[in-house]
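Welcome! Have a look at the protein below, and then we will walk through it one region at a time.

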Amino acid sequence: IISAEVKGAKPGAEIYRLALEQAQVKANEAVFVDDVPANIEACQQVGMRGILFKDSQDVMRQLKQLLKF
C-alpha cells in the first residue's frame with residue numbers, strides 16, 4: 001500500500017483495512033511488523049497482531065511463537 005495513492009497513512013485504521021482487503025485476509029490472520037509503537041497499537045486496534053521491530057532475530061522468534069514452530 002502506498003499511502004499517497006490511498007490518501008491515508010499509518011497509524012490511521014483505514015490503511016490497515018485496505019492492506020487486509022488487498023491481501024484478502026482477515027485481521028486475525030495478519031501480522032504487522034513495524035518499528036514505531038504507535039503503528040503497532042493501531043494495527044492491534046483493527047484486530048491484527050503486531051510485532052515491534054527491534055532486530056530481525058527478535059522478529060523471527062516472535063513469528064515462530066505466533067505460528068507455533
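## Before we start

A residue is called buried when its relative accessible area is under 20%, exposed when it is over 50%, and partly exposed in between, using a 1.4 Å probe and the protein chains only. What you see is a predicted model, in which local features need pLDDT of at least 70, side-chain atom pairs count only at pLDDT 80 or more, and totals for chains, interfaces and linings use all residues. Residues are numbered from 1 along each chain as its sequence is written, and side-chain values use heavy atoms, leaving out hydrogens and water.

## A buried aspartate

Let us begin with Asp-34, which sits in strand S1. Helices (H or I, at least four residues) and strands (E, at least two) are DSSP runs, numbered from the N terminus. Asp-34 counts as buried because its relative accessibility is 8%.

Leaving aside neighbours within four places in sequence, Asp-34 is in contact with residues including Ile-40, Ile-51, Leu-52 and Phe-53.

## The nonpolar core

The largest nonpolar core has 11 residues: Ile-15, Tyr-16, Leu-20, Ala-27, Ala-30, Phe-32, Ile-40, Ala-42, Cys-43, Val-46 and Met-48. Such a core is a set of buried Ala, Val, Leu, Ile, Met, Phe, Trp, Tyr and Cys residues joined through side-chain atoms within 4.5 Å. Helices H2 and H3 (37-45) are the elements that give two or more residues to this core.

Cys-43, in helix H3, counts as buried because its relative accessibility is 0%. Ala-27, with residues up to four places away set aside, touches Leu-20, Val-46, Gly-47, Met-48 and Arg-49.

Now follow the loop between helix H1 (3-6) and helix H2 (13-23), where Pro-11 lies. A cis peptide bond joins Lys-10 and Pro-11, with omega at about 5°. Pro-11 and Cys-43 are 32 residues apart along the chain, and their C-alpha atoms are separated by 7.6 Å.

Lys-7 is in the loop between H1 and H2 too. Lys-7 is not a glycine, but its phi is positive, at about 55°. Its relative accessible area is 75%, so Lys-7 is exposed. In the loop between H2 and S1 you will find Gln-24, another non-glycine residue with a positive phi of about 55°. Gln-24 counts as exposed because its relative accessibility is 72%.

## Around helix H4

Is Asp-58 buried or exposed? This residue of helix H4 counts as buried because its relative accessibility is 13%. The side chain of Asp-58 makes a polar contact of 2.7 Å with the side chain of Gln-62.

Leu-66 also lies in helix H4, and at 31% relative accessibility it counts as partly exposed.

Definitions and conventions
Polar contact = N/O pair within 3.5 Å; in protein donor to acceptor, adjacent residues only side chain to side chain. Contact = heavy atoms within 4.5 Å.
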